[in-house]
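Work through the exercises below with the sequence and the structure in view. Each task is followed by a solution in steps.

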Amino acid sequence: MAIETCNFSDSAIVWTDITNPTKEELEQVSKIYDLNPYTLIDSLDPDHLPKYEEHNKTHFFIVRILHQSHEHEQTIRELSSKIAVFFNSDFIITIHRTAQPIMQEIREMCVQNGKLTTTAGMAIKIIWEMLHSYEHPAIKLSDKIDYYESKVFLKKNIPADMIEGMYYLKRKAGLCKKLLLLTNEVVNSVKVAEKDLPALQDVRDLHLKLLTLYGQVQDDANNLLNIYLSLSARKTNDVMKILTIFSVFFMPLTFIAGIYGMNFKFMPELDEKLGYPLALLAMVIVSVVIFIWFRRKKWL
């Protein structure tokens, strides 16, 4: 476990940042600050989803910060890391299993230079940084949607692995949107002083923007998958249409050839001198009739 403490500038407020604690170590910290034992259990769960609670005049919330991940990593733990936060007017405690660069940035850029003076203000800053981690991936997913659209509509030969890529894109957008929807409780439940209201409004605006972006990506991915499947079905239908046309043309010709290919001794046409050219002429006439019929039906 790594513990870093930091005092707010010109204030007795203490920020305790804890990385990868054990249950016993966290219980020691909880005795000092009188933290609720059930929230401690939640803060240790690496897969816990965003939530907000308030116990003993201490606010508690969990958010999940998005990190760089491989395209095929599609679980909540693979896509994001949990940050648990306890705070009241006198202290703020942040708990996470892996080192988070944003904590160092907040410490250097906001706490030590006096930009943040309240624990609620710092909580808002953590939520804003967490939401900001979703912004760049949303833009990348949107760009991928545009790339796949150009492949679907402008390319004659669509790559076979494209549907797999669209599935992973849709899956990632859906998980991110789910996390943002659950974060809505945190964003709307945090109470701040009047001077921190503009920062809270910025957080709410960013949250709404990200929900809209991921919702749009998810809808576009669904629509693109449906279009892709429709185009694939159409391509199959075109192949079947061509095969059907060939079979319709050759069925009567095969019938004629089958009749005169029989080797019965008393077939009257076998002795006709013009039997062979007449049979060929009959085949040509049948083919022309079928062709005209298809054109009138607009099947060709």
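**Exercise 1: a histidine in a loop**

His48 has a relative accessible area of 17%, so it is buried (under 20% relative accessible area; exposed is over 50%, partly exposed in between; 1.4 Å probe, protein chains only). The model is predicted: local features need pLDDT of at least 70, side-chain atom pairs count only at pLDDT 80 or more, and totals for chains, interfaces and linings use all residues. Residues are numbered from 1 along each chain as its sequence is written, and side-chain values use heavy atoms, with hydrogens and water left out.

Task: state where His48 lies and which residues it touches.

Step 1. His48 sits in the loop between helix H2 (37-44) and strand E3 (51-55); helices (H or I, at least four residues) and strands (E, at least two) are DSSP runs, numbered from the N terminus.

Step 2. Leaving aside residues up to four places away in sequence, His48 touches Asp42, Ile62, Arg64 and Lys82, where contact means heavy atoms within 4.5 Å.

**Exercise 2: a salt bridge across the sequence**

Task: which parts does the salt bridge between Asp47 and Arg77 tie together?

Step 1. The closest N and O atoms of Asp47 and Arg77 are 2.9 Å apart. A salt bridge needs a side-chain nitrogen of Lys or Arg within 4 Å of a carboxyl oxygen of Asp or Glu.

Step 2. Asp47 belongs to the loop between H2 and E3 and Arg77 to helix H3 (residues 76-79), so the pair ties together parts 30 residues apart in sequence.

Step 3. Asp47 is partly exposed at 38% relative accessibility, and Arg77 is partly exposed at 48%.
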